Amino acid sequence: MHPLTELGITRVPCPVPFPEAGGPVNVYVIEEDGGGVALFDSGLGTPAGEEAVQEGLKALGLGFQSVRRVLLSHGHIDHYGLAQTIREASGAPVFVHELDRNKVELPGEEFQRSRAAYDGYLTRLGVDRSAIAMLGKGQRYTLTMARAVEKTEPLLDGEQLRFRHFSATVVHAPGHTPGLCCLHVPEHGLFFAGDHLLERVSPNPLLEVGPEGETAKFRALATYLKTAAKTRELDLELILPGHDQPFHDHRKVIDGLVSFYARRQGRLLAKLADGPKSAVELVQHLFPHVGLRSLYLTLSEVVGNLEVLEEKGAVVMLPAEPIYRWRLA
Ligand SMILES: [Zn+2]
Ligand SMILES: [Zn+2]
C-alpha cells in the first residue's frame, strides 16, 4: 500500500483555471478517528472543482456528508471556494486562522472595504487609472469562483489535531497570506504546506493592503522569508503542497527560492544605481515581456523585494506624492 494510504491520507487534485497557481489545487482527504474524514483545503467553488472533489470522495466510498471537519490552509479562493457547499451538505465546521478569516467569511465586503485603500496605494506605486480598474475587475471576477463561508472556527498556531492514524500540529506560516497555516506530522515527517512551499513556482507572497491601508501593510515577502527560514529547520520527509505533486527535500526548494529572490534583489539594486525609480518602472525593467494581466503578481514581486531590501538597509523609499520612488541607501 502507498504510505500515505496507510496513514489514511488521499490527495484529490482539482482543476484551477489560472496557470499562475502552479497546477491543480490539492484537497487532502484525511481519515478521522471514529469515522468520516477531514479535508485539508476544499478546492475551488466552480462546477469543475465541485465535481473533482465529489469524484475523489466517491472513489473512497464517501461523499460530502462524510466530511467531519474542513481545515483551510489559507483564504485564497482555490483553497476555500467549495467549503461553504461542503459545510451545507455535511454540517462540518470550517476552520481557518484568524488573520485570513475575513477573506473567507466576507470576501466581497473585504474587497469593497479595501478597494479605496488599494487604489490609493497602487496609484502611489505608479499604476495608472485604467490598469487599476482592470485589476479591480479581475479580482471581482475571481471572487465568483468561491462562496463565502457563513461561519468559521479559529485554527490556532500550535494546536494539536488528532486524526485516525496520526496527530498533527498546526504551524502558523505567514507570508503567502497573513493567516496561512500548515500541518506538521513530526512522527512521519509529513508537512501539509498549503501554498507556503511549492516545488516549481515561487509561492508569490502577494501585495496585501488591509482596509486600514498602508499603515498596517503586511510585508509579505519579508515575512515569508523569515517563516521559510523556520520551516527549513524542520526535519521533513515529504511535503504535501497546495498544488501539484508531493515532493522531498524542502531545504533544496527553500534554498532555491532564497537565491532566486536574491538574484531579483541584485537586479533591482543594479537598476536603482541609475537613480530613483517607481515600483511600476521597476516592474517594466524586471518583466518587460509580462503582460498587464499579471501586473498584480509582478508588482507583488517588486514591492516584496524592495521591502526586503529596505529591511536590510540597502534601499530607502522616497514617499513623494503622488508616486513613491526607491533609491539606493
Ligand atoms: Zn494561495
Ligand atoms: Zn493556491
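1. Before the helix pairs, a word on terms: axes here are lines fitted to C-alpha atoms, for helices over the stretch in contact, and angles run from 0 to 180 degrees between N-to-C directions. With that in hand, take helix α8 (residues 220–233) and α9, which pack with their axes 10 Å apart at an angle of about 155°. Keep in mind throughout that this is a predicted model.

2. How do α8 and α9 run relative to each other? Angles over 145 degrees count as roughly antiparallel, and α8 and α9 are therefore roughly antiparallel. The crossing of α8 past α9 is left-handed. On the α8 side the contact uses L225, A228, T231 and R232, and these meet H250, R251, I254, L257 and V258 of α9. Sorted by type, the residues of this α8–α9 contact come out as five nonpolar, two polar and two charged.

3. Now the other partner of α9. Helix α11 (residues 295–311) crosses α9 at roughly 85°, and the two axes come within 10 Å. That puts α9 roughly perpendicular to α11. From α9 the contact takes Y261, R264, Q265 and L268; from α11 it takes E301, N305, L306, V308 and L309. The residues of the α9–α11 contact split into five nonpolar, two polar and two charged.

4. While you have α9 on screen, go to L272, which sits in this helix (residues 250–272). Is L272 buried or exposed? The cut-off for buried is 20 or more other C-beta atoms within 10 Å; L272 has 21, so it is buried. Leaving out residues up to four places away in sequence, L272 touches K277, V315, W326, R327 and L328. As for E310, it is 38 residues from L272 in sequence and 13 Å from it in space, C-alpha to C-alpha.

5. L183, by contrast, is 35 Å from V283 in space, C-alpha to C-alpha, and 100 residues away in sequence.

6. On to the sheets. One is an open sheet of six strands, ordered β1-β2-β3-β4-β5-β6, with mixed pairing. Its edges are β1 (9–14) and β6 (153–154); each has a single partner strand, so one side of each is left without a neighbour in the sheet. Inside the order, strand β3 (residues 37–40) pairs with strand β4 (residues 67–71) in the parallel sense, over four bridges. If you want a landmark there, V37 has V67 in β4 as its bridge partner.

7. Helix α2 (residues 47–58) lies across β1 and β2 (25–31) and runs at about 155° to β1. Helix α4 (residues 83–90) lies across β4 and β5 (94–96), running at about 155° to β4.

8. The other open sheet has five strands in the order β7-β8-β9-β10-β11, and its pairing is mixed. Here β7 (160–162) and β11 (238–241) are the edge strands, each pairing on one side only. From one strand to the next the twist averages 25°. Strands β8 (residues 167–172) and β9 (residues 181–185) run antiparallel and are joined by four bridges. To get your bearings in that pair, find V170, which stands opposite L183 in β9.

Terms used:
Residues numbered from 1 in each chain as written. Chains lettered and ligands numbered in written order. Predicted model: local features only at pLDDT ≥ 70, side-chain atom pairs only at ≥ 80, totals over all residues. Helix = DSSP H or I, 4+ residues; strand = E, 2+ residues; numbered from the N terminus. Buried ≥ 20, exposed ≤ 12 C-beta atoms within 10 Å, placed from the backbone. Contact = placed C-beta atoms within 7 Å. Parallel < 35°, antiparallel > 145°, perpendicular 65-115°, else oblique. Left-handed = near helix turned anticlockwise from the far one by under 90°. Nonpolar A, V, L, I, M, F, W, Y, C, P; charged D, E, K, R; others polar. Pairing = 2+ DSSP bridges.
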